[in-house]
Amino acid sequence: MISPSTFRNASIVLSFLFLCSSGASAQSKTPQKTYMYLIYHKLNPGLTIQDALPVEREWKKVNQAAVDEGKLEGWYMTVKQFTSNPNQTEYDYVTRIVTHEMAIKGASPEAMARIYGDSVQQKMADLQRRDRNTAPVVKIEIWEINDGTYAPKFAPDGTQLMVIDRIRRRNPGADYEGTVGQLKRLSEERIKRNNLLGWDFSSLIIPNGSEKGYEFSIAQYVSNLGAVANPVLADTPNPVMPAPAYKQLRNQTAQVFDFVRQEVYRFMEYTTKPAN
């Protein structure tokens, strides 16, 4: 069994950085697969997000070295704001790893030495100890990013909130690609109207079983929740989609997918990609 510490020793990344930067090459013959590791953290009793920030900022420094070397695509710390999960305290924030392989590659020994000098092992052991004492890992999931669309200048510092829908097919084995395609096209139009910063669709890879309750995930990246409340700008003279058509799409989506859980996260810390 792979232990949570194995993932924490590697870098933590968020997939949409890659998807955004690769948008111009969407017509490539063989799109590169992207895997997203979600690492769920629960704060120890009496601690707050402010207590976790120094630890995660240290991980950010380590992860940035891996990003700079092209080993990883980026790193995010996302803090839960709302959840439909009946167990409200199951976890408090999520860090994310994204890689193009089902294996995580951290920064090189040379890069780590530039950060910590001759004390790499000591510093990393101390960081892992602080991690466990602050917000231990309570759950890990691995997802594959199947599709996405993003604003031309989409970047983490311009993304305030991420709205996540965990979903499953109402009829196992039923075709869903047509519905997902329509949702993507709607998202593309919303992006053109500055009502959405990004959208993606993912499938759960590990651990995947009926007891999970969900098998796919839809993410919307927005600057405020108003974009979720009014996704087609229905109260404007030129809506993104006519109200009857949007209602029909919603009904069709509800017939295909059961929305098992919804959560809203705020971005706190993240790495940046080196300039080209």
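The model is a predicted one, so local features need pLDDT of at least 70 and side-chain atom pairs count only at pLDDT 80 or more, while totals for chains, interfaces and linings use all residues. Numbering runs from 1 along each chain as its sequence is written, and side-chain values use heavy atoms, with hydrogens and water left out. Helices (H or I, at least four residues) and strands (E, at least two) are DSSP runs, numbered from the N terminus.

**Second largest pocket**

- The second largest pocket holds about 490 Å³ of space. A pocket here is an open set of points on a 1 Å grid over the protein atoms alone, with protein on both sides within 12 Å along at least five of seven lines; grid points are joined across faces, edges and corners, and a volume is the space filled by probe spheres set on the points.
- Its lining (residues with an atom within 4 Å of a point) comes to 18 residues, and Asp-165, Leu-183, Gln-220, Tyr-246 and Phe-259 lie nearest the centre.
- Helix 6 (177-192), strand 7 (216-222), helix 7 (226-229), helix 8 (243-256) and strand 8 (257-270) each put in at least two residues, and helix 8 gives the most, with five.
- By class, this lining has 11 nonpolar, four polar and three charged residues. For the classes, Ala, Val, Leu, Ile, Met, Phe, Trp, Tyr, Cys and Pro count as nonpolar, Asp, Glu, Lys and Arg as charged, and the others, Gly among them, as polar.

**Largest cavity**

- The structure holds one cavity of 30 Å³ or more, a cavity being a set of grid points where a 1.4 Å probe fits but cannot get out.
- About 50 Å³ of space lies in the largest cavity. It is lined by 12 residues, with Met-36, Arg-96, Ile-164, Asp-200 and Ala-219 closest to its centre.
- Strand 1 (35-41), strand 5 (161-169), strand 6 (198-206) and strand 7 each supply at least two lining residues, and strand 7 gives the most, with three.
- The cavity lining splits into six nonpolar, three polar and three charged residues.

**Helix 6 with helix 8**

- Helix 6 and helix 8 pack at about 140°, with axes 10 Å apart. Axes are lines fitted to C-alpha atoms, for helices over the stretch in contact, and angles run from 0 to 180 degrees between N-to-C directions.
- The two helices are therefore oblique to each other (under 35 degrees counts as roughly parallel, over 145 as roughly antiparallel, 65 to 115 as roughly perpendicular and the rest as oblique).
- Their crossing is left-handed, the term for a near helix turned anticlockwise from the far one by less than a right angle, with right-handed meaning clockwise.
- In contact (heavy atoms within 4.5 Å) are Thr-179, Gln-182, Leu-183 and Leu-186 of helix 6 and Tyr-246, Leu-249, Gln-252, Thr-253 and Val-256 of helix 8.
- That contact has five nonpolar, four polar and no charged residues.

**Helix 4 and its partners**

- Helix 4 (residues 109-116) packs on helix 5 (residues 120-134) at about 80°, axes 9 Å apart, which makes the pair roughly perpendicular.
- Met-112, Ala-113 and Tyr-116 of helix 4 make that contact with Val-120, Lys-123 and Met-124 of helix 5, a set of five nonpolar, no polar and one charged.
- The axes of helix 3 (residues 49-68) and helix 4 come within 9 Å and cross at roughly 140°, so this pair is oblique, and the crossing is right-handed.
- Here Glu-58, Lys-61, Val-62 and Ala-65 in helix 3 meet Ala-111, Met-112, Ile-115 and Tyr-116 in helix 4, giving six nonpolar, no polar and two charged residues.

- Most residues other than glycine have a negative phi, and most peptide bonds are trans.
- The bond from Ile-206 to Pro-207 is cis, with omega near -10°, and Pro-207 is in the loop between strand 6 and strand 7.
- Asn-194, in the loop between helix 6 and strand 6, has a positive phi near 60°.
- Phe-82 is in strand 2 (residues 76-83). Phe-82 and Glu-263 are 181 residues apart in sequence and 5.5 Å apart in space, C-alpha to C-alpha.
- Not counting residues up to four places away in sequence, Phe-82 touches Leu-225, Gln-262, Glu-263 and Val-264.
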